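Please read them beside the sequence and the structure.

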Amino acid sequence: MSVEYARSPLGAELNEKFDFTLFGFEITRYNRLSQEQFLDFHLKGAIADNPLPLHYKFYLGGIGSLRGYKFYEFPERELYDDPGGDRMILANVEYKIAPNFEYKIVDKVRIRVPISPVIFVDTGYVWEHDETPKMKDLK
C-alpha cells in the first residue's frame, strides 16, 4: 500500500503545475498446488484525486501487465491527446506447471531443462479521474 502527495514547486510555469495525492496497492499470492504446479494471483491498483502529470500517468499493455497486447497500448487514445490515465486496475491469474526434465546426453553428462507451460488470464483498465469505468471496458 502506498500514498504519495506531490505539488509543483513554487514558481513553476502554468503548464507544469500539479497537485495530487496518489493512492496505490499491490497484492500478490503464490500458491504451490503440488511439487510441480503453482497457481498465482496478482492484483494492482492506483487512484489519483486530481489529474496526473504525464510522467505519472498509468498505462497497460505488454509483459507484466496485459500480455498479448502492445506495450502501453491502453488506454486507447491518440498520442497527442492526454495519454495514459489517472486510475488503474490490473488483475492476473497464472497456472504454472514446472516439471524438471532431465536429458542424458552421454553416460555422465546430464542437462536439466526447465520447461514451464503457463496458462494465464490478465484483465485491467486505465481511466481518467473524471471517468466512470464500465465492466465492458476491461481488456
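**Notes on the model**

1. The accessible surface of the protein chain comes to about 10,200 Å², of which 58% belongs to carbon and sulfur atoms; the areas come from the Shrake-Rupley method with a 1.4 Å probe, and for residues only the protein chains shown count as cover. This is a predicted model, in which local features need pLDDT of at least 70 and side-chain atom pairs count only at pLDDT 80 or more, while totals for chains, interfaces and linings use all residues. Residues are numbered from 1 along each chain as its sequence is written, and side-chain values use heavy atoms, with hydrogens and water left out.

2. The protein chain has seven strands and zero helices, and its pattern along the sequence reads β-β-β-β-β-β-β. Here helices (H or I, at least four residues) and strands (E, at least two) are DSSP runs, numbered from the N terminus. Of the 139 residues, 29% count as buried, where buried means under 20% relative accessible area, exposed over 50%, and partly exposed in between (1.4 Å probe, protein chains only). Among contacts between residues at least 6 apart in sequence, 58% join residues at least 24 apart, a contact being heavy atoms within 4.5 Å.

3. Five strands form an open sheet in the order β1-β2-β3-β4-β7, with antiparallel pairing; two strands pair if DSSP finds at least two bridges between them. At the edges lie β1 (2-7) and β7 (118-127), each of which pairs on one side only. Neighbouring strands of this sheet are turned by 10° against each other on average, direction ignored; the axes are lines fitted to C-alpha atoms, and angles run from 0 to 180 degrees between N-to-C directions.

4. The pairings can be followed across the sheet. β1 and β2 are antiparallel over six bridges, and R7 has D19 in β2 as its bridge partner. A hairpin of four residues joins β2 to β3, and these two strands pair in the antiparallel sense over eleven bridges, with R29 bridged to F41 in β3. β3 and β4 likewise pair in the antiparallel sense over eleven bridges, I47 having R87 in β4 as its partner. Finally, β4 (residues 87-97) and β7 are antiparallel over ten bridges, where L90 is bridged to G124 of β7.

5. Which residues have the most contacts inside the largest nonpolar core? They are L22, L52, F58, L60 and M88, in a core of 13 residues; a nonpolar core is a set of buried Ala, Val, Leu, Ile, Met, Phe, Trp, Tyr and Cys residues joined through side-chain atoms within 4.5 Å. β2 (19-32), β3 and β4 each supply at least two residues of this core. Leaving aside residues up to four places away in sequence, L60 touches a set of residues that includes M88, I89, L90, G124, Y125 and V126.

6. D86 deserves a separate look. D86 sits in the loop between β3 (37-48) and β4, and D86 counts as buried because its relative accessibility is 0%. The side chains of D86 and K57 are joined by a polar contact of 3.0 Å; such a contact is a pair of N or O atoms within 3.5 Å, and within protein one must be able to donate a hydrogen and the other to accept it, while residues adjacent in sequence count only if both atoms are side-chain atoms. Not counting residues up to four places away in sequence, D86 touches, among others, A46, I47, A48, F58, W127, E128 and H129.

7. The side chains of E26 and H42 are joined by a polar contact of 2.7 Å, and, not counting residues up to four places away in sequence, E26 touches H42, L43 and K44. E26 and I89 are 63 residues apart in sequence, yet 9.9 Å apart in space, C-alpha to C-alpha.
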